[in-house]
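Let's take a walk through this model. Keep the 3D view open and follow along.

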Amino acid sequence: MRKILILNGSHKSDKSDKSFTMKITESFLSGLAENAKDFEIETVHLADQNISACTGCFFCWRTTPGQCVIQDDMTELITKYEEADIIIWTTPLYHCGISSIMKKFMERTTPLLLPFMDPEGGGTYGRPFRNPEKMKNKKHILISTCGLPTTKNNYEGVVAQFNNLFGADKWEKILCIEGELLGISQLDNLTVHYLDLVRIAGKEYSEHLKIPDNIREGLEKPFIEIPTYLKTANLSWGVDDIRMRDLDGGLIAWTYMKQVLAAFNPKVRPDLDAVLQIDFTDLKERYQLVVKNNECTLLKNDFKDETASINLNLSTLERIFEGKIDAAQALIEKKYSVVGDMNLLNAFFDGLFGSVALNPEKKKKVVPISFKNTPYWFFLTIVPWIVSLLFLDYSALFGIVIPLVICGILCTIKRGADLVYFEKGTLLLFSLYTLIFMTFGKNFDGNTFAIIEYFSLALIWLVSLLKTVPLTADYLHFFNGRNALRNALFLKTNRILTLVWSGIFIIQGVITIWLNTTFMTYLAAIFPLALLVPGVFFTMWFIEWYPEQSAKPE
């Protein structure tokens, strides 16, 4: 079994304050573990160890060969280092070098060398290992992050040091530039792809003890373009640039709003033309984010007509972007308010200015946004019911069997994981109706089946209220952004709509029962269908009205 020793040179060793470099290391290890089952992995947080600095006494060469006279944790660590097959050096870039605690560790490995100098070719000289059988074939990997946007004029010293210690091109490295973005939760959508590539690098290394060139090239690319990064990184410190002290006009939230601006992601809503106004009620400050031509401008005066306005405290906005509160649930609870176009709020929820938390404690089913999951497709799924109710009183074939065939065709077209609750329920019920008809066909009565169908529809919609996603939300989410099914306000709106439609179907069933006792019995199944028209218009109105009313200030 091969032993892997991870030497964490970051001063952040606590899990609650994990270093960016360890995040990358853990992604590398997750890939390593996918194929390799014969690895024994141990992590040493050097910041937690008692490691004194090397004094250069050279007792380990003369008096106690191979053993340091300093008695501290290095006595045990140097044995682990010598016995390991792979060493992963994990360190942030500090002042164009490795961290001080890692440098101390490196210096204290001097006992592993002999004092003699040997020529190594090319006019270079070095000292041989005391135990070459253990040290010569040892593999080394350097994983490091820096806040700068390029390795140029930053990592040359570190690379040269590792080349001198382990041999040029005989060790692997992952040098992450723009590493500060790993600590900005709003930009997780950018960094997650990098961490996944690191995982792939670990998987490849487990097989070949090498990171492929194409993977290495991907790991060397910046997360975002350098000008954008400089703006984002400089703002992430949360302190004012003293060179710009006179330009903020004394506004408290100006620096934070520039961070929001830097997180703008035009891919969320390409070609959006809108003005989002932010009113900080606690600071009495107003800002506008003007989106046009896939660019965004931050205004602190000379305001334009807003598309939507968000009214909240600065701390509430910070907690939303930090993922500490559910943005939609906070809106329902009146922790902030919104006035104006709710479509712009949906874009905000989708990450127009960085990712926000929506239902962080519950995983919502995400249905792909496609024609098959829109209200247009819903109209097709309701066709079997309408056909059935129109023809039940005239022909069992057209009233039950044909709708089953239509339903089967629709489910075959959509099929698999894309099928939602209503479509499965429709197929199941018409299969059951067909079975009942085949069993009791002689006593078939169209109006009786119509009554059953209306109440079956009501039952389907009522039962969906017990689900995480109510029935109408499976289709209406198409118009409300990619995160609609994680939006508590959208789900609440659809829960009410689903309940209303359940009531409509119950009313239709009651009307059918009543008409079946009158001279209009031949219209008993068809006439209640007229209620669908006002129901559709109510839905179109309510899906806009209710969220707007819920978002308004009290």
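**A walk through the fold**

Start with the hairpin: strands S9 and S10 make one, with two residues between them, and Asn293 in the turn has a positive phi of about 55°. The two strands, S9 covering residues 285-292 and S10 covering residues 295-299, pair in the antiparallel sense over five bridges. If you want a landmark in that pairing, look at Val290, which stands opposite Thr297 in S10.

Before going further, how far can you trust what you see? This is a predicted model. The protein chain has a mean pLDDT of 87, with 92% of its residues at 70 or more. Among its elements, strand S8 (residues 274-280) has the highest mean pLDDT, 96, while helix H9 (residues 226-236) has the lowest, 74.

Now for the inside. The largest nonpolar core has 55 residues, and Tyr336 and Phe353 are the ones with the most contacts inside it. Helix H13 (residues 342-349) gives the most to this core, with six residues. Pick out Phe353 and see what it touches: leaving aside neighbours within four places in sequence, its contacts include Val260, Leu276, Cys296, Phe321 and Phe348. Leu289 and Val291 are also among the contacts of Phe353, and both numbers fall within S9, residues 285-292. Apart from this core lies another, of 30 residues, among them Ile51, Leu77, Cys146 and Phe166.

Next, helix H7. Its 21 residues (188-208) reach 30 Å from first C-alpha to last, close to the 30 Å expected at 1.5 Å a residue. Which residues of H7 are buried? They are Thr191, Tyr194, Val198, Ala201, Gly202, Tyr205 and Ser206. These cover an arc of only 135° around the axis, so they sit on the same side of H7. The spacing makes sense because an α-helix has 3.6 residues a turn, so residues three or four places apart point the same way. After H7 comes Leu209, whose phi is positive, near 55°.

Last stop: Lys3, in strand S1 (residues 2-8). Is Lys3 buried, exposed or partly exposed? With a relative accessible area of 35%, Lys3 is partly exposed. Setting aside neighbours within four places in sequence, Lys3 is in contact with Glu40, Glu83, Ala84, Asp85 and Ile86. Lys3 and Ile41 are 38 residues apart in sequence, yet their C-alpha atoms are 6.0 Å apart in space.

Definitions and conventions. Residues numbered from 1 in each chain as written. Predicted model: local features only at pLDDT ≥ 70, side-chain atom pairs only at ≥ 80, totals over all residues. Heavy atoms only, no water. Helix = DSSP H or I, 4+ residues; strand = E, 2+ residues; numbered from the N terminus. Expected span 1.5 Å × (residues − 1). Buried < 20%, exposed > 50% of the residue type's maximum accessible area, 1.4 Å probe, protein only. Arc of directions from axis to C-beta. pLDDT = per-residue confidence, 0-100. Pairing = 2+ DSSP bridges. Core = buried A, V, L, I, M, F, W, Y, C linked by side-chain atoms within 4.5 Å. Contact = heavy atoms within 4.5 Å.
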